Every structure is written in structure tokens, then in C-alpha cells.
Amino acid sequence: MGRRKWILVSVALPVLVVLWWAFRPEKLWINEKVNETAPFDTSDGPQPILTGRFEDKAQQTSGRATIFKKPGGEEYLRLSDFTTSNSGDVHVVLARSENRGDIDRIDLGPLKSNQGDQNYDLPAAAAKELGKYDAVVVYSEQSHAVFGLAKLEAF
């Protein structure tokens, strides 16, 4: 009987570790907060061009998404007063607000934190086609769920 228990423990322990690593259940109740400063301090700094407030979808999400244009032509997205549920593998995505059956989107990277102000650089491809994407989406790759959506409008 002792040998069976030893084999069961030696098999179950690695399986539990892999499951914990894959799903990260502690992220469901641990909040992370980040407060990045806006990358401008003067009146000739970046100007807001598009903005929108987040609407809840699969999870409670709030805050504002604003796209700024720097004097050099580069653009970045700033999430301010942002809050959403904490979960594994959540990304910030530029997409179309209407579901047209396509998956045309630009992934700006993983969510830095589930709370606070944060900045995301827009790739050159996104800046060229900014009119094509009219929403900022907080999307969980793991569960394929839209946590929140901010429809962008001219500032």
C-alpha cells in the first residue's frame, strides 16, 4: 500500500504544479497596480487624437483609453483610471467594434496590470491604419473572452 501512495504522490505533484502554472488561480484574487506617468510635460507634447470609455463585457472593466500623437509622429495608447478583473494572459488589442466575422486586430501586448495608468506604443502599421480600428479591447487569450471594450471617437 505504501508504494502505491508514493507513486500517486510522485505523479500527482507534477500534474498539480503544471495545472497551477497554466491557470495561475491566485491571479483571480490578487490585484496588481501600475501607475506609469504620461510621457509628456509640456504644451508642445503629445496631443490626444482619439478617446473612449471602457464598457463592461465578460468582466467588470472601467477607465479611459486615449490615443496620443507625439510631435515626431509616433502614437501611443494610454489607459487611465483603468480597472479590470485579474486573469492570466490578458492582452490590449486594437480592433473593430463591430463583429464582422473576421479577426482583424493589432495586439499591443499583454496587459501590464489590472489596475492603474499604463502606456502602450502603437506599431507603425497601426498608426497607418488607425481609422480602420475604432476600439480598444481588453481580451483574454486564455478564455477567448472580451473583458472590456472602449469605442474610440475623435478627441
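Predicted model: local features only at pLDDT ≥ 70, side-chain atom pairs only at ≥ 80, totals over all residues.

The protein chain has 155 residues, and 36% of them count as buried.

**The overall layout**

- You'll find 2 helices and 9 strands in the protein chain.
- Walk along the sequence and the order reads α-β-β-β-β-β-β-α-β-β-β.
- Take the contacts between residues at least 6 apart in sequence: 61% of them join residues at least 24 apart.

**On the surface**

- The protein chain exposes about 9,600 Å², with carbon and sulfur atoms supplying 56% of that area.
- Now for that patch: Ile-7, Val-11, Val-15, Leu-16, Leu-19 and Phe-23 make up a nonpolar one on the surface, and together they have about 570 Å² of accessible area.
- One of its members, Ile-7, sits in helix H1, which covers residues 2-23.
- Why does Ile-7 count as partly exposed? Its relative accessible area is 44%, and the partly exposed class runs between the 20% limit for buried and the 50% limit for exposed.

**Inside the fold**

- The largest nonpolar core holds 24 residues, and Leu-77, Leu-79, Leu-94 and Val-136 have the most contacts inside it.
- Back in the largest core, Leu-79 is among the residues with the most contacts inside it. Leaving out residues up to four places away in sequence, Leu-79 touches Phe-54, Arg-64, Ala-65, Val-92, Leu-111, Gly-116, Asp-117, Gln-118, Tyr-120 and Val-136.

**Two loop residues to look up**

- Ser-113 is in the loop between strand S5 (105-110) and strand S6 (115-121).
- Is Ser-113 buried or exposed? Ser-113 is buried, because its relative accessible area is 4% and the cut-off for buried is under 20%.
- A polar atom of the Ser-113 side chain lies 3.0 Å from the backbone oxygen of Gln-115.
- Lys-70 belongs to the loop between strand S2 (62-69) and S3, and is partly exposed with a relative accessible area of 25%.
- Which residues does Lys-70 touch, not counting those up to four places away in sequence? They are Pro-46, Tyr-76 and Asp-121.
- Pro-46 and Lys-70 are 24 residues apart along the chain, and their C-alpha atoms are separated by 4.0 Å.

- Asp-81 has a phi near 50°, a positive value in a residue other than glycine.
- Asp-81 counts as exposed because its relative accessibility is 62%, and exposed means over 50%.
- His-144 isn't a glycine either, yet its phi is positive, at about 55°.
- Look for His-144 in the loop between strand S7 (135-140) and strand S8 (145-151), where His-144 is exposed with a relative accessible area of 59%.

Key:
Residues numbered from 1 in each chain as written. Heavy atoms only, no water. Helix = DSSP H or I, 4+ residues; strand = E, 2+ residues; numbered from the N terminus. Buried < 20%, exposed > 50% of the residue type's maximum accessible area, 1.4 Å probe, protein only. Polar contact = N/O pair within 3.5 Å; in protein donor to acceptor, adjacent residues only side chain to side chain. Contact = heavy atoms within 4.5 Å. Areas by Shrake-Rupley, 256 points an atom, 1.4 Å probe, with all protein chains shown as cover. Patch = residues over 30% accessible without salt bridge, like charges linked within 9 Å, V, L, I, M, F, W, Y side chains within 5 Å. Salt bridge = Lys/Arg side-chain N within 4 Å of Asp/Glu carboxyl O. Core = buried A, V, L, I, M, F, W, Y, C linked by side-chain atoms within 4.5 Å.
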